[in-house]
Amino acid sequence: MVFPLVLLRLAKWLLYHVLVNSCYKAARKIKSHVFHLSHHESSKPLQKPSSSPSTVKFDLVACDIHGVILRSYNSFFPYFMLVAFEGGSIFRALLLLCSCPVLWILNYELKLKVMIFISFCGLRIKDMDMAARVVLPKFYMENLNLQAYEILASAGTRVFFSAVPRMMVEGFLKEYLNADDVIATELHTVGCYFTGLLSGKGLIVKHSALKDYFGDKKPDIGIVSSSVHDQVFISHCKEAYVVNNEECDPGSVMLLPREKYPKPVIFHDGRLAFFPTPSATLCMFIWLPIGVLLAIYRMLLGIFLCHKWTLALVIWSGIDLNVKDCSNPQRSEKGVLYVCTHRTLLDPVFLSLCLGKPLTAVTYSLSKVSEFISPIRTMRLTRDREKDRETMQKLLSEGDLVVCPEGTTCREPYLLRFSSLFAELADVVVPVAVNVHVSMFYGTTASGLKCLDPLFFFMNPRPSYHIEILGKVPEEHTCGGGECAYEVANYIQRQLGDALGFDCTNLTRKDKYMMLAGNEGVVQEKER
């Protein structure tokens, strides 16, 4: 009895998509021609206003999120996948991916309910809050529709309506797009967990929510998609700008460039470095077993082989290593102090590999596992300035030393404030510009397991390491030349920023961890 019902459901779905959708699209094209001939004034295609947004101001703008402010995809699936993977687990993400054939058959409302249930059922509220705060904003910002944002930026009051869960979008909309209010679907919770079910009101109906929110007053502008569901939404606005998703490929949408971001995204967390569409996520899971074996092989290369053979085998394993050495090292009573930008925990290892000589790396916090498998000597600092000074001076007297004065990694093209301690210690200071590119997984985390950072980095199919060893810092720009330690640190930060094309900031390690993990990023040693 079940099998005939399934066949009936498939037949209904095929009939809908082949016949009804074809007729609907044909009708829309006819309507579009009639629309342009009649010069209807209440609705406009999405375009930049004739005057610049700074001169044209709208008192009130009502806007949708999916397919409007964010470029259109068939569903909100990639963002639910981010919640499932980063807030939940890899098994929850796999279950969501396996549901794709079912989602393909379901209508919009059922599809959304299924994705909500899989992504949220049993998920802790604090894990969802973390994902919404430090993972999703980066992907939202990278998918902002430029033209829709320019119109939105002209608004005095901004109200957003969305059928997706409020917790997924509210934080981003209020912090980055200055939303005055967000009307979205509410989820049911029990204690500190989501049940995966909707609250009593269910999925919000946008046009009904708009009417309930504004009452008899109509917003000046409504920014909507071209879907049939938004036609009623338009009728409740004085003027409407429509994003035509049916004739526009997502790849052709003009996205907001980084320099126009309303607020820079400097810190973000999570492991996924790609936008997890269904096809991209499927490729990730297919690659995963190969990636784990490849990562283990790459790590074993560094642990057990000498430098001469390791460099060639590392490159052969698929790591793109670009090295530019502009330094002219000179012997001194003390060792050479290499000052690196910090992209991953592997920066000192790759520098040692490229130089072909052993280095000692100092760090503020490193997991016991990472210390154990490190192919170079590591020394933990205490954050006590005098003790750390003595430790680093001793290490410099024994050989070359590498230090990352930012104190923590940063994924985006920004440099954090440099600690000035290193500038007081060495006669020979060599800046090293380090940059990393990954395609699948980030090799850093603030809230996850740091011991897995090297594994995730090496699991990338073809990670790229760019190392540029700059010339020795001139004597007049060192403490020996009369400059104070802070001036030396700022000079080297600017020098490295120019070499990489990065912006220099005054943000610190503490700022990063307070935002991403809610702590100061200090590893407390357990008392024995």
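Strand 10 (residues 337-340) and strand 15 pair in the parallel sense, over 4 bridges. This is a predicted model. Within that pairing, Tyr-338 has Val-430 of strand 15 as its bridge partner. Strand 15 also pairs with strand 16 (residues 464-469), and these two run antiparallel. Here, Val-434 stands opposite Ile-467 of strand 16.

| Strands | Sense | Bridges |
|---|---|---|
| Strand 10 (residues 337-340) and strand 15 | parallel | 4 bridges |
| Strand 15 and strand 16 (residues 464-469) | antiparallel | 6 bridges |

How many residues of strand 15 are buried? The count is 8 of the 9 in residues 429-437, so the rest of the structure largely encloses this strand.

**Cores**

The largest nonpolar core has 114 residues. Tyr-79, Phe-120, Met-168 and Phe-350 touch the most other members of this core. Take Tyr-79 as an example. Leaving out residues up to four places away in sequence, Tyr-79 touches Leu-70, Leu-136, Phe-139, Tyr-140, Asn-143, Met-168 and Phe-275. Another core, of 28 residues, lies apart from the largest one. Among its residues are Val-339, Phe-422, Val-429 and Leu-470.

**Helix 6**

Phe-120 is also one of the buried residues of helix 6. Helix 6 covers residues 108-120, which makes 13 residues. From first C-alpha to last, helix 6 reaches 18 Å, close to the 18 Å expected at 1.5 Å a residue. Just after helix 6 comes Gly-122, with a positive phi of about 80 degrees.

**Two buried residues**

Where does Asp-220 sit? Its place is the loop between helix 11 (206-214) and strand 7 (221-225). Is Asp-220 buried or exposed? Its relative accessible area is 19%, and the cut-off for buried is under 20%, so Asp-220 counts as buried. The side chain of Asp-220 makes a polar contact with the side chain of Lys-238, at 3.4 Å.

Leu-415 lies in strand 14 (residues 414-415). Leu-415 counts as buried because its relative accessibility is 0%. What does Leu-415 touch, not counting residues up to four places away in sequence? Its contacts are Thr-341, Glu-406, Gln-493, Leu-496, Gly-497, Phe-502, Asp-503, Cys-504 and Thr-505. Leu-496 is 81 residues from Leu-415 along the chain, yet their C-alpha atoms are separated by 8.6 Å.

Note on methods: Residues numbered from 1 in each chain as written. Predicted model: local features only at pLDDT ≥ 70, side-chain atom pairs only at ≥ 80, totals over all residues. Heavy atoms only, no water. Expected span 1.5 Å × (residues − 1). Buried < 20%, exposed > 50% of the residue type's maximum accessible area, 1.4 Å probe, protein only. Polar contact = N/O pair within 3.5 Å; in protein donor to acceptor, adjacent residues only side chain to side chain. Core = buried A, V, L, I, M, F, W, Y, C linked by side-chain atoms within 4.5 Å. Contact = heavy atoms within 4.5 Å. Pairing = 2+ DSSP bridges.
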